Amino acid sequence: MIRIIGKIPSNVVVACSGGVDSMAIVHFLLQGRRKVRLAYFNHDTVHSQRAQEFVENYSNDKKLDLFIGKMRGQKGKRSMEEFWRDERYAFFDRIDTNFLITCHHLDDAVETWVMSAIHGNCKLIPYKREENICRPFLMTPKKILKEYATRKGVKWVEDPTNIRTEYIRNHIRHNLMPGILKVNPGIRTVIRKKLIETYL
């Protein structure tokens, strides 16, 4: 079951990468007769152009408004992950909306908890970033979103960089999480309870 935090208004913008998480969530929201607009950020990679074309075709087919953002700044001393995140959220900040949804899910919350614990400061992904950027699907596991997409015939594109473990989050997801789940198979339940205690 797809679970949400709080109430989702009737007029939203969804950060849509074209991946399974965001495509499942866009489909889910459209069933509720909401006005849904999409925001796609091009990270200036080979996959990003393919994903942009996919999201453009989807938005045209569904007659949804689409905002497209591109890289503007200089990386400097930041990691690529930090650079991409900063540029992406700067783009979201430029969109005029009261409710922009990022499609973070429970597995993202678990990985963030683990990653922050390694640095000595366990933390949850915030439900809100600024006043208008929200993450209402934090209690829904990725598995549920993928099952929903498959069951509903929702199409998506796979980002090949998601398996590249030189990126920290991918290293945690692919190399550390399998061992962590052996030690504590219920870690998703633990983090979901923390989300409930904190945000509900």
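What handedness does the β-α-β unit made by β2, α2 and β3 have? The unit is right-handed; a crossover is given this label if, with the strands pointing away from the viewer, the path from the first strand over the helix to the second runs clockwise. Helices (H or I, at least four residues) and strands (E, at least two) are DSSP runs, numbered from the N terminus. The model is predicted, so that local features need pLDDT of at least 70 and side-chain atom pairs count only at pLDDT 80 or more, while totals for chains, interfaces and linings use all residues. Residues are numbered from 1 along each chain as its sequence is written, and side-chain values use heavy atoms, with hydrogens and water left out.

The strands form an open sheet of six with the order β3-β2-β1-β4-β6-β5 and mixed pairing. Its edge strands are β3 and β5 (128-129), each of which pairs on one side only. Two strands are taken to pair if DSSP finds at least two bridges between them. β2 and β3 are parallel and share five bridges, with I68 in β3 as the bridge partner of Y40. Five bridges also join β1 to β2 (residues 35-42), again in the parallel sense, and V13 has R37 of β2 as its bridge partner. Between β1 and β2 the chain passes through helix α1 (residues 20-30), and this β-α-β crossover is right-handed. On the β4 side, β1 is joined to β4 (residues 100-101) by two bridges, and these strands run parallel. V13 stands opposite L100 in β4. Two bridges link β4 to β6 (residues 133-134), also in parallel, and the partner of L100 in β6 is I133.

Strand β1 (residues 11-15) is largely enclosed by the rest of the structure, because four of its five residues are buried. The accessibility classes are buried (under 20% relative accessible area), exposed (over 50%) and partly exposed (in between), computed with a 1.4 Å probe on protein chains only. V12 lies in β1 and is buried, at 0% relative accessibility. With contact defined as heavy atoms within 4.5 Å, V12 touches L29, K35, V36, R37, F99 and I101, residues up to four places away in sequence not being counted. The C-alpha atoms of V12 and L100 are separated by 5.9 Å, although the two residues are 88 apart along the chain. In a regular strand the side chains alternate between the two faces of the sheet.

D44, in the loop between β2 and α2, has phi near 65° and is exposed, with a relative accessible area of 65%. K63 is found in the loop between α2 and β3; its phi is about 55°, and it is exposed at 74% relative accessibility.

G73 is placed in the loop between β3 (66-70) and α3 (80-93) and is partly exposed, at 29% relative accessibility. The C-alpha atoms of G73 and E87 are 7.1 Å apart, with a sequence separation of 14 residues. D108 belongs to helix α4 (residues 106-118) and is buried, with a relative accessible area of 10%. Apart from neighbours within four places in sequence, D108 is in contact with C103, I125, R169 and R173.

Pockets were located on a 1 Å grid over the protein atoms alone, a pocket being an open set of points where a 1.4 Å probe fits, with protein on both sides within 12 Å along at least five of seven lines; lining residues have an atom within 4 Å of a point. Grid points are joined across faces, edges and corners, and a volume is the space filled by probe spheres set on the points. The second largest pocket has a volume of about 150 Å³. Its lining consists of M23, H27, F54, N57, Y58, D61, K62, V154 and K155. Helices α1 and α2 (46-62) each supply at least two of the lining residues, and α2 gives the most, with five. By class, four lining residues are nonpolar, two polar and three charged. Here Ala, Val, Leu, Ile, Met, Phe, Trp, Tyr, Cys and Pro count as nonpolar, Asp, Glu, Lys and Arg as charged, and the others, Gly among them, as polar.
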